[in-house]
Amino acid sequence: MLDGSLKLDRIDIRILAHLQQNGRIANVDLADAVGLSPSPCLIRVKRLEKGGYVTGYGAHVELEKIGNVQLVFTQVTLSDHRREDFIKFESATRKVDEIVECHLVSGGFDYLMKFVTTGVVHYQTIIEGLLDAHIGIEKYFSYIVIKSPFTKGHYPVEKLFNHQPA
């Protein structure tokens with residue numbers, strides 16, 4: 001069980017793996033790929049959606065084909081570490097569209113964030129706005145991405161959860 005609400009088996013995991021690779025796959029093709037007939041497959045997909053295991057469907061967009069893109073990873077350390085400090089920071093950064101990932105981490109800093117901008121000047125404008133917003137940032141370090149040899153738009157769910165009973 002992943003969250004206690006549903007007991008997932010290998011077929012459910014296989015369905016999730018296929019859906020994240022191709023959310024537009026026809027139910028007949030999905031059923032064939034996971035070894036079910038179409039009707040039980042559709043019932044399982046609906047159950048996974050209702051259970052919150054599938055949170056949405058979307059397109060992967062190749063941003064570089066549209067225009068210039070600069071990825072920046074940023075380490076952020078907060079000046080205070082009370083619960084309300086984390087809530088204030090997370091609430092403010094959630095509203096910034098260019099911040100596409102935000103992770104609370106252990107170690108020498110508090111958050112690791114991923115920005116997608118049109119360039120370094122754009123990034124600097126955003127980070128200065130966050131500093132001006134007084135949301136508790138003590139310090140930050142920026143890492144400009146030079147090249148991304150690969151990115152994966154899916155998780156290895158079958159390898160992570162292949163121990164599930166059939």
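**Exercise 1. Work out how many helices and strands the chain has, and in which order they run**.

Solution. Counting DSSP runs, with helices being H or I of at least four residues and strands E of at least two, numbered from the N terminus, gives seven helices and four strands. Read from the N terminus on, the elements follow the order α-α-α-α-β-α-β-β-α-β-α. The model is a predicted one, in which local features need pLDDT of at least 70 and side-chain atom pairs count only at pLDDT 80 or more, while totals for chains, interfaces and linings use all residues. Residues are numbered from 1 along each chain as its sequence is written, and side-chain values use heavy atoms, with hydrogens and water left out.

**Exercise 2. Decide whether the chain is a compact globule or more spread out**.

Solution. The radius of gyration, taken over C-alpha atoms, is to be set against the globule rule, which is 2.2 Å times the number of residues to the power 0.38. For 166 residues the rule gives 15 Å, and the chain has 20 Å, well over that value, so it is more spread out than a compact globule. Along the principal axes, the C-alpha atoms fill a box of roughly 55 × 40 × 25 Å.

**Exercise 3. Describe the sheet and the helices that pack on it**.

Solution. Begin with the strand order: the sheet is open, has four strands in the order β2-β3-β1-β4, and its pairing is antiparallel, where two strands pair if DSSP finds at least two bridges between them. The edge strands, each pairing on one side only, are β2 (99–104) and β4 (137–144). Next, β2 and β3 (residues 111–117) run antiparallel and are joined by five bridges; I99 has F115 in β3 as its bridge partner. Finally, helix α5 (residues 83–94) packs on the sheet and touches β1 (70–78), β2, β3 and β4, its direction making about 10° with that of β3. Helix α6 (residues 120–132) also packs on the sheet, touching β1, β2, β3 and β4, with its direction at about 170° to that of β4. Contact means heavy atoms within 4.5 Å, and these angles, from 0 to 180 degrees, lie between N-to-C directions of axes fitted to C-alpha atoms, for helices over the stretch in contact.

**Exercise 4. Find where D110 lies and what surrounds it**.

Solution. D110 sits in the loop between β2 and β3. Leaving aside residues up to four places away in sequence, D110 touches V76, T77, L78, H81, H103, L104 and V105.
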